[in-house]
Amino acid sequence: MGLGTYPKPVASFSVPDSVSCSGQLVLNVNNTTTGASSYTWIFGDGSPNGSGAIPVHTYTLPGTYTLQLIASNGTCPDTAKHIVKVANVPKASFAANVTNGCTILTTTFVNASVNASSYLWDFGDGTVSVLKTPTHTFSYVNAPYTIKLIAYGEFGCSDTIKVVKYITVAAPPTANFIVVPDSVIAIPNHSFQFNKITTGAGITNYNWDFGDGKTSTDSMPSHVYVDTGKYKVKLTVTNVAGCQAVRIRTVQITGIPLYLYVPNAFEPSSTKSELQTFNVRAFGLADYTLKVFNKWGQVIFQTNVLDANGIPTQGWDGMMAGAPAPQGVYVWEISAHFIDGTQWKGMKYNDGRPQSTVGIIHLIR
């Protein structure tokens, strides 16, 4: 019997799903070999070889494997190879260090993804980032924001996570107020009414700083200032989201400061009219009583008359019981309150004497 000639087989196959992103791969091949009668499959993962036209095998560990087919017709073999890839399962995960704020919010995203080496962030405001741990600033204008992260692992495998309305940025309130009757008033007026203007929805707190050390939490407070001058009034409003806004306006009280001064001598016979009467000089008094005593403690003069500006209008002319009082030392006593509600504490002296509501007046003849 003579030797026969056998056509050489041509090994050929394809793996439609040669990449797995699930951590394992159930092998599925399309064997297109011709001229072969037997098949040997070498899986490349250390497992026993397979046989048959369609092998049964599962790759259970991530890695890159060379799958080989040796096709034979009993005499002549032929070999074909394909690369099979099994990826670790990527898992996208993240958290933000802060998820809500006011007006403008800067957030850092902590990337907790596993089995990934590159990333694509979509911040929901038309911007993206490829950083692993990006920091991004959000405005209240288009809030809230949905955040999406795609984590890419081996062989193009990826996982996506999307958190709807994850970042919330609240709109700021608007702080504004008007001053009644006006921002500038003249004494004896010392009081302002502060009226808030529409400041947005959900205002929970009003904090007023009147610029003189006094504060209020009323929504529309009034305030009395002790003295003339300019004061910066600061309103801070807070809404339900904890957002704040500030408005500062200046108010002013003009005029002569509140005061009360007692002279220490007068001379009824003087040619100068201002020296002829014992006149208490004062401004801005709400109430006032002046008493003058002789050396025996008898009241020889008393008045409580004030004009519209809180100025005393009556003085002692040096008369006592219808006759000129003799030259000498007399005692005065004054009790008074200013229009701002404070009590007059008495005369201040430069010689070290304590402040007092009682003093002496020299009547000169």
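A nonpolar core is defined here as a set of buried Ala, Val, Leu, Ile, Met, Phe, Trp, Tyr and Cys residues joined through side-chain atoms within 4.5 Å; buried denotes under 20% relative accessible area, exposed over 50%, and partly exposed the range in between (1.4 Å probe, protein chains only). The structure is a predicted model, in which local features need pLDDT of at least 70 and side-chain atom pairs count only at pLDDT 80 or more, while totals for chains, interfaces and linings use all residues. Residues are numbered from 1 along each chain as its sequence is written, and side-chain values use heavy atoms, with hydrogens and water left out.

The largest nonpolar core contains 24 residues, and the members that touch the most others are L260, F278, L290, W316, W332, I334 and W344. Two or more residues are contributed to this core by each of β29, β30, β33 and β34 (358-363). The greatest contribution, five residues, is that of β33. Apart from this core lies another, of 20 residues, with I185, W208, F210 and F283 among them. In soluble globular proteins, nonpolar side chains tend to be buried together. The surroundings of W316 were examined through its contacts (heavy atoms within 4.5 Å). Leaving aside neighbours within four places in sequence, W316 is in contact with F266, T277, F278, V292, I300, F301, A325, Y330 and L363.

Five of the strands form an open sheet of mixed pairing, in the order β27-β34-β33-β29-β30. At its edges stand β27 (265-266) and β30 (299-303), each with a single partner strand, so one side of each is left without a neighbour in the sheet. Strands are counted as paired if DSSP finds at least two bridges between them. Within the sheet, β29 (residues 285-293) and β33 (residues 328-338) run antiparallel and are joined by eight bridges. In this pairing, K291 stands opposite E333 in β33. Strands of a sheet pair through backbone hydrogen bonds, either parallel or antiparallel.

Two disulfides were counted, a disulfide being a pair of cysteine sulfur atoms within 2.5 Å. One of them joins C21 to C157, with an S to S distance of 1.9 Å. This link of C21 and C157 is left-handed, with -80° about the S-S bond. C21 lies in the loop between β2 (19-20) and β3 (25-26) and C157 in the loop between β16 (145-152) and β17 (158-170), so the pair ties together parts that are 136 residues apart in sequence. C21 is partly exposed, at 36% relative accessible area, whereas C157 is buried, at 1%.

The other disulfide is formed by C102 and C243, whose sulfur atoms are 2.1 Å apart. The link of C102 and C243 is likewise left-handed, with -90° about the S-S bond. Because C102 lies in strand β11 (residues 100-102) and C243 in the loop between β24 (229-239) and β25 (244-254), the pair ties together parts that are 141 residues apart in sequence. C102 is partly exposed, at 23% relative accessibility, and C243 is buried, at 1%. With bonded cysteines counted along the chain, the disulfides follow the pattern 1-3, 2-4.

V89 is located in the loop between β9 (77-86) and β10 (94-96) and is partly exposed, at 41% relative accessibility. Beyond its neighbours within four places in sequence, V89 is in contact with C21, S22, G23, V114 and N115. V89 and G229 are 140 residues apart in sequence and 73 Å apart in space, C-alpha to C-alpha.

As regards overall dimensions, the C-alpha trace spans about 175 × 40 × 25 Å along its principal axes. The radius of gyration of the protein is 49 Å, whereas a compact globule of 365 residues would have a value near 21 Å; the radius is taken over C-alpha atoms, and the globule rule is 2.2 Å times the number of residues to the power 0.38. Buried residues account for 35% of the 365 residues. Among contacts between residues at least 6 apart in sequence, 58% join residues at least 24 apart.

Notes:
Helices (H or I, at least four residues) and strands (E, at least two) are DSSP runs, numbered from the N terminus.
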